[in-house]
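User: I have a structure open and want to go through it with you. Can we start with contacts and then move on to the strands?

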Amino acid sequence: QVQLVESGGGLVQPGGSLRLSCAASGFTFSVYAMSWYRQAPGKERELVARITGLGGVAQYADSMKGRFTISRDNAKNTVYLQMSSLKPVDTAVYYCNANRRTMVRQYDYWGQGTQVTVSS
């Protein structure tokens, strides 16, 4: 059974930092690209950052570059999102995603989300 379990969300003041974790199970974690998405109230879900499988190449949405860092530990089946210099506009539910495409099928898994609130 595939599971993605996010943790680490919470309330933080503007300018603060948080580290989100996503623990994966039920699939071969190392060959999947892992991503963090977020969805603010009344807005569409947007990509925050993505990291490839074995190569570990990271990509970021422009507004997150320099503030957020995605990383993965394939031995622990976990992906992380280190967030710093947080702003109120970063308030959202953050979702973990696992994705893999083969010649015949796309695999796409989602976690349940973790709330991040940036407020003074």
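User: Leaving aside neighbours within four places in sequence, which residues is I51 in contact with?
Analyst: I51 is in contact with A33, M34, G56, V57, A58, I70, S71, R72 and V79. Contact means heavy atoms within 4.5 Å. Before going on: this is a predicted model, where local features need pLDDT of at least 70, side-chain atom pairs count only at pLDDT 80 or more, and totals for chains, interfaces and linings use all residues. Residues are numbered from 1 along each chain as its sequence is written, and side-chain values use heavy atoms, with hydrogens and water left out.

User: Is I51 buried or exposed?
Analyst: I51 is buried, at a relative accessible area of 4%. Buried means under 20% relative accessible area, exposed means over 50%, and partly exposed is in between, with a 1.4 Å probe and protein chains only.

User: Where does I51 lie, and how far apart in space are I51 and A33?
Analyst: I51 lies in strand β5. Strands (E, at least two residues) and helices (H or I, at least four) are DSSP runs, numbered from the N terminus.

User: What does β5 pair with?
Analyst: β5 (residues 46–51) pairs with β4 in the antiparallel sense, over five bridges. Two strands pair if DSSP finds at least two bridges between them. One of the partner pairs is W36 with A49 in β5. β4 and β5 form a hairpin with six residues between them, and G42 in the turn has a positive phi of about 75 degrees.

User: And the other partner of β4, how many bridges join β4 to β9?
Analyst: Seven bridges join β4 to β9, and the two run antiparallel. R38 stands opposite Y94 in β9. β4 (residues 33–39) has five of its seven residues buried, so this strand is largely enclosed by the rest of the structure.

User: Switching topic. How many disulfides are there?
Analyst: The count comes to one, taking a disulfide as a pair of cysteine sulfur atoms within 2.5 Å. The disulfide joins C22 to C96, with S to S at 2.1 Å. C22 lies in β3 (residues 18–25) and C96 in β9 (residues 92–101), so the pair ties together parts that are 74 residues apart in sequence. The link is left-handed, with -80 degrees about the S-S bond.

User: Are those cysteines buried or exposed?
Analyst: C22 is buried at 0% relative accessibility, and C96 is buried at 0% too.

User: Which strands make up the open sheet of four, and in what order?
Analyst: The order is β1-β3-β8-β7, with antiparallel pairing. β1 (3–7) and β7 (68–73) are the edge strands, each pairing on one side only. β7 and β8 pair over six bridges, and R72 has V79 in β8 as its bridge partner.

User: What about T78, where is it and what does it touch?
Analyst: T78 is in strand β8 (residues 78–83) and is buried at 9% relative accessibility. Leaving aside neighbours within four places in sequence, T78 is in contact with S21, C22, A23, F29, S71, R72 and D73. A polar atom of the T78 side chain also lies 2.8 Å from the backbone oxygen of K76.

User: Which residues have the most contacts inside the largest nonpolar core?
Analyst: They are M34, W36, V79, L81, M83 and Y94, in a core of 29 residues. A nonpolar core is a set of buried Ala, Val, Leu, Ile, Met, Phe, Trp, Tyr and Cys residues joined through side-chain atoms within 4.5 Å. β3, β4, β5, β7, β8, β9 and β11 (114–118) each supply at least two residues of this core.

User: Last one: what is phi for N77 and S85?
Analyst: N77 has a positive phi of about 55 degrees although it is not a glycine. S85, also not a glycine, has a positive phi near 50 degrees. N77 is in the loop between β7 and β8 and is partly exposed at 26%. S85 is in the loop between β8 and β9 and is partly exposed at 39%.

Methods
Polar contact = N/O pair within 3.5 Å; in protein donor to acceptor, adjacent residues only side chain to side chain.
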